[in-house]
Amino acid sequence: MEKQTIHGIIYKDAASNQWVAQCVEYEVVTQGDNEEDAKAMLREAVQLYLESASEKEIELFYQPVEGNVRVHELTIDAPTLLRS
């Protein structure tokens, strides 16, 4: 099997106290008890997705990334209920 590099955005969810891991290239999201667990779960989830998805589904949902992935904090105007 070929190797592929994927990029994960990993953060601690304040409401559930779980670590969320989201793949940038594929629409796959999972979670773990800590950051390392979330990374491992993301690897496994993407591999399972690729094993079960058709070639057409993979082509449709694959979003290639060029360069370094950066996560930015942005401030937006939001309804009062959403402000922290």
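**Entry 1: the salt bridge**

I looked up the pairing of K39 with E36 and found a salt bridge, with the closest N and O atoms 3.2 Å apart. I took a salt bridge to be a side-chain nitrogen of Lys or Arg within 4 Å of a carboxyl oxygen of Asp or Glu. By this rule I counted one salt bridge. The structure is a predicted model, in which local features need pLDDT of at least 70 and side-chain atom pairs count only at pLDDT 80 or more, while totals for chains, interfaces and linings use all residues. Residues are numbered from 1 along each chain as its sequence is written, and side-chain values use heavy atoms, with hydrogens and water left out.

I noted that both K39 and E36 lie in helix 1, three residues apart, about one turn of the helix. Helices (H or I, at least four residues) and strands (E, at least two) are DSSP runs, numbered from the N terminus.

I then checked exposure, where buried means under 20% relative accessible area, exposed over 50%, and partly exposed in between (1.4 Å probe, protein chains only). E36 is exposed at 53%, and K39 is partly exposed at 29%.

I located T30 in strand 3, residues 29–32. T30 counts as buried because its relative accessibility is 16%. Leaving aside residues up to four places away in sequence, I found that T30 touches W19, V20, A21, A38, M41, L42 and A45; contact here means heavy atoms within 4.5 Å.

I placed N34 in the loop between strand 3 and helix 1. N34 is partly exposed, at 38% relative accessibility. From C-alpha to C-alpha, N34 and C23 are 17 Å apart in space, and eleven residues separate them in sequence.

**Entry 2: the largest pocket**

I recorded a volume of about 520 Å³ for the largest pocket. Of the 15 residues that line this pocket, Q4, I6, R43, V46 and Q47 are the closest to its centre. The elements giving two or more residues to the lining are strand 1 (8–12) and helix 1 (35–52). Helix 1 supplies the largest share, seven residues.

On a 1 Å grid over the protein atoms alone, a pocket is an open set of points where a 1.4 Å probe fits, with protein on both sides within 12 Å along at least five of seven lines; lining residues have an atom within 4 Å of a point. Grid points are joined across faces, edges and corners, and the volume is the space filled by probe spheres set on the points.

I sorted the lining into six nonpolar, four polar and five charged residues. Asp, Glu, Lys and Arg count as charged, Ala, Val, Leu, Ile, Met, Phe, Trp, Tyr, Cys and Pro as nonpolar, and the others, Gly among them, as polar.
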